[in-house]
Amino acid sequence: MIQAITDRRSIRKYQDKPVPRCMVEEIIKAGILAPSAKNRQPWRFVVVTGGAKEGMLAALAAGLEREKREPFLPESACHLDGAEYSFSIMKHAPVVIFIINPLAEKFRGVTGHKDKSCCSEEDRIAEICNTQSIGAAIENMILTATDLGLGSLWICDTFFAQKELDEWLGAEGELFAALAVGYAAEAPQARPRKEMRDVVEWRES
């Protein structure tokens, strides 16, 4: 698995080649095996392939168009081009896996957001813990995809079409992220990483 960590890349171009279902199941199994706070396992997975992608793409397109008129994320308008690029990636990826947190409340939009100051400390901590758990699940999935010879891309730009995707998915809870999976049609170089000396502080006595 150390080799998978080294080899992993964010893949944005995919071959027009289907991914066997057994491989997708291996990826999801790896996500399910991730550690989670209090063993809450705050995840559900929706796998979208083939003709089902038409509905997904329609929801994404509708969300991006709505975002230009009635932004759900008004302060992130500068990132809308990136979301449209993510849309094109999801269009060509053979498999898109949506990761949903069934324990989370749905976003209510700019005017309906719950004031975080009204949440109890326990609720806020539980939210942070669940977020860490889901991140661990997605990382397991990405590394397993790499180990299987597949490429993947962790996508967070789904928030620009949150309302539309929530309605299309029809799932309880809140959409957390998407994972594009397929056979890579590119081999990007590793991006620079910070040196250990820049990010680690040792305290030994």
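# Close-up views of a predicted model

**Figure 1. Lining of the largest cavity.** The residues that line the largest cavity fall into 7 nonpolar, 2 polar and 1 charged. Here nonpolar covers Ala, Val, Leu, Ile, Met, Phe, Trp, Tyr, Cys and Pro, charged covers Asp, Glu, Lys and Arg, and the others, Gly among them, are polar. This is a predicted model, in which local features need pLDDT of at least 70 and side-chain atom pairs count only at pLDDT 80 or more, while totals for chains, interfaces and linings use all residues. Residues are numbered from 1 along each chain as its sequence is written, and side-chain values use heavy atoms, with hydrogens and water left out. A cavity is a set of points, on a 1 Å grid over the protein atoms alone, where a 1.4 Å probe fits but cannot get out; a pocket is an open set with protein on both sides within 12 Å along at least five of seven lines, and lining residues have an atom within 4 Å of a point. The count is 1 cavity of 30 Å³ or more. The volume of the largest cavity is about 40 Å³, where volume is the space filled by probe spheres set on grid points joined across faces, edges and corners. Its lining consists of Leu-60, Leu-64, Ala-83, Ser-86, Phe-87, Met-90, Asp-157, Thr-158, Phe-160 and Ala-161. Helix H3 (53-69) and helix H4 (80-92) are the elements that each supply two or more of these residues. H4 has the largest share, with 4 residues. Helices (H or I, at least four residues) and strands (E, at least two) are DSSP runs numbered from the N terminus.

Figure 2. Arg-66 belongs to helix H3 and is buried, at a relative accessible area of 10%. Buried means under 20% relative accessible area, exposed over 50% and partly exposed in between (1.4 Å probe, protein chains only). The Arg-66 side chain comes to 3.2 Å from the backbone oxygen of Phe-160. Beyond four places in sequence, Arg-66 contacts Pro-71, Phe-72, Phe-160, Ala-161 and Glu-164, a contact being heavy atoms within 4.5 Å.

**Figure 3. Gly-173 in its loop.** Gly-173 sits in the loop between helix H6 (162-169) and strand E4 (174-182). Its relative accessibility is 7%, so Gly-173 counts as buried. Its contacts beyond four places in sequence are Ile-100, Asn-101, Pro-102, Ala-104 and Lys-106. From C-alpha to C-alpha, Gly-173 and Thr-158 are 15 Å apart in space, and they are 15 residues apart in sequence.

**Figure 4. The second largest pocket.** This pocket holds about 310 Å³ of space. It is lined by 13 residues, of which Arg-8, Arg-9, Ser-10, Arg-191 and Arg-193 are the closest to its centre. The lining has 4 nonpolar, 3 polar and 6 charged residues.

Figure 5. Most residues other than glycine have a negative phi. Lys-38 has a positive phi, near 55°, and is found in the loop between helix H2 (21-32) and strand E1 (44-49). Lys-38 is exposed, with a relative accessible area of 73%. Gln-41, in the loop between H2 and E1, also has a positive phi, near 45°. At 36% relative accessibility, Gln-41 is partly exposed.

**Figure 6. Confidence along the chain.** The average pLDDT of the chain is 92, and 94% of the residues score at least 70; pLDDT is the predictor's confidence in each residue, from 0 to 100. Over residues 110-115 pLDDT stays under 50, and the model has 9 contacts beyond four places in sequence for them. Where pLDDT is low, the predicted coordinates should not be read in detail.

Note on methods: A polar contact is a pair of N or O atoms within 3.5 Å; within protein, one must be able to donate a hydrogen and the other to accept it, and residues adjacent in sequence count only if both atoms are side-chain atoms.
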